[in-house]
Amino acid sequence: MRYQGKRCIRNINAAIRNLYSAKLAVRNQRNKQAARKIIKSQAHVGKSLSTIGFGRLRQGKTRFKNDINTLTQPIGPSSDRLIGRAVESPGGITDIPGILVGHAEDESGRTGCTVILCPRGAVPGIDVRGGFPGTEQTDALHPGTATELVQAVLLTGGSNFGLAATAGVMNWLAEHGIGAPTEAGPLPTVPAAVIFDLIYAKGARRPNAVMGYAASQAANSGPVEEGSIGAGAGATVGKIYGKPMKGGVGTAAWQIPGGPMVAAIAVVNALGDIWDHDRIIAGAQRPDGTFVNQTRAILEGEAPLSSQSRNTTIAVVATTAKLTKAEASRVATLAHDGMARAISPVHTQGDGDTIFCLATGTDTNGLTGNDAVTAVGTVAVVVLEQAIIRGVKAAQ
């Protein structure tokens with residue numbers, strides 16, 4: 001036991017010497033040498049603990065090594081860890097029968113709006129996770145309210161100013177006899193969410209009723225144009241450190257074999273970086289064009305520089321499943337994992353991340369209740385992740 005004690009003390013002394021050498025290396029800006037000394041110091045501490053013979057402390061040696069690897073391995077989401085392999089979701093949200101999509105932009109192409117129409121009505125749901133949201137008519141979507149169906153969702157640029165485009169969508173729907181019947185005529189319900197693109201879109205005409213009407217008039221069931229268009233015209237990503245890149249609109253869909261179809265459309269204007277599995281594909285850049293990796297920068301102690309930045313990723317998940325308002329809102333909640341898998345950091349105080357769910361109820365395969373929520377919500381995560389990735393890949 002005395003021999004083990006002496007051996008333990010020698011290892012601790014060696015660890016102290018290595019730490020002192022690491023301190024001098026840092027002072028002289030020799031960071032690689034400092035890292036090697038720190039690793040050696042940890043190894044000596046591990047040997048010291050294992051010498052004593054405690055099984056729990058032996059496990060600590062591995063833990064020290066993993067802590068070092070945290071800063072040398074990719075930092076960010078990776079869906080491979082969840083589903084085992086890359087899944088490419090073909091199609092788009094207009095694959096859902098009864099869903100139409102239309103875009104409209106300012107002449108400068110630096111801001112715009114995107115409308116998702118469901119003229120036959122859809123059961124809505126909502127979940128807002130970002131710390132700086134801009135929304136309209138979302139209270140009507142919560143369970144217990146009288147609104148049972150919505151006829152459209154507006155995704156728009158222009159921050160809070162862009163909510164004015166909602167009037168144009170409502171006017172178009174009312175002119176075509178779409179909405180809840182009232183004594184005064186059809187009354188459409190059009191919830192909306194905004195992105196903050198005012199800095200990039202400076203000088204452009206903000207989305208208004210005319211632009212919202214134009215987007216509704218352009219809505220169709222064909223393939224959705226992706227990238228820097230509609231509400232994504234002024235979208236950017238990667239704004240905590242470095243230089244941001246363009247964001248945009250993306251969409252994806254998936255047919256559950258023997259079950260409902262699930263699709264998503266996203267306007268990607270995130271504060272964080274965009275990840276495609278284990279690599280950044282868009283985000284904050286250094287002057288030499290390499291990616292900062294904002295999550296790693298925060299882990300390493302860099303102070304965030306985005307306190308004045310406003311951003312937001314907004315999305316609509318649509319499904320043919322039969323859902324109640326409470327179930328649709330739960331699907332929207334689950335779908336936020338798709339944002340977390342594609343964006344890092346996400347749901348920050350500078351983001352207004354919002355997801356709507358639209359359930360058309362046309363599926364006839366009998367999947368309902370909790371089983372429907374689990375299946376639809378799980379697929380919603382995958383298609384929303386793919387929509388986000390596609391949106392930035394198509395951006396120009």
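Modeller: Welcome! Contact here means heavy atoms within 4.5 Å, and helices are DSSP runs of H or I, at least four residues, numbered from the N terminus. The model is predicted, so local features need pLDDT of at least 70, side-chain atom pairs count only at pLDDT 80 or more, and totals for chains, interfaces and linings use all residues. Residues are numbered from 1 along each chain as its sequence is written, and side-chain values use heavy atoms, leaving out hydrogens and water.

Biologist: Which residues of helix 5 and helix 6 meet?

Modeller: From helix 5, Ala 165, Ala 167, Gly 168, Val 169, Asn 171, Trp 172 and Glu 175 meet Ala 209, Gly 212, Tyr 213, Ser 216 and Gln 217 of helix 6. These residues divide into six nonpolar, five polar and one charged.

Biologist: What makes helix 5 oblique to helix 6?

Modeller: Their axes, lines fitted to C-alpha atoms over the stretch in contact, come within 6 Å and cross at roughly 45 degrees. Angles under 35 degrees count as roughly parallel, over 145 as roughly antiparallel, 65 to 115 as roughly perpendicular and the rest as oblique, so helix 5 is oblique to helix 6.

Biologist: Why does Pro 143 count as partly exposed?

Modeller: Buried means under 20% relative accessible area and exposed over 50%, with partly exposed in between (1.4 Å probe, protein chains only). Pro 143 has 47% relative accessibility, so Pro 143 is partly exposed. Pro 143 also touches Lys 325 and Ala 326, not counting residues up to four places away in sequence.

Technical notes. Axes are lines fitted to C-alpha atoms, for helices over the stretch in contact, and angles run from 0 to 180 degrees between N-to-C directions. Helices (H or I, at least four residues) and strands (E, at least two) are DSSP runs, numbered from the N terminus. Ala, Val, Leu, Ile, Met, Phe, Trp, Tyr, Cys and Pro count as nonpolar, Asp, Glu, Lys and Arg as charged, and the others, Gly among them, as polar.
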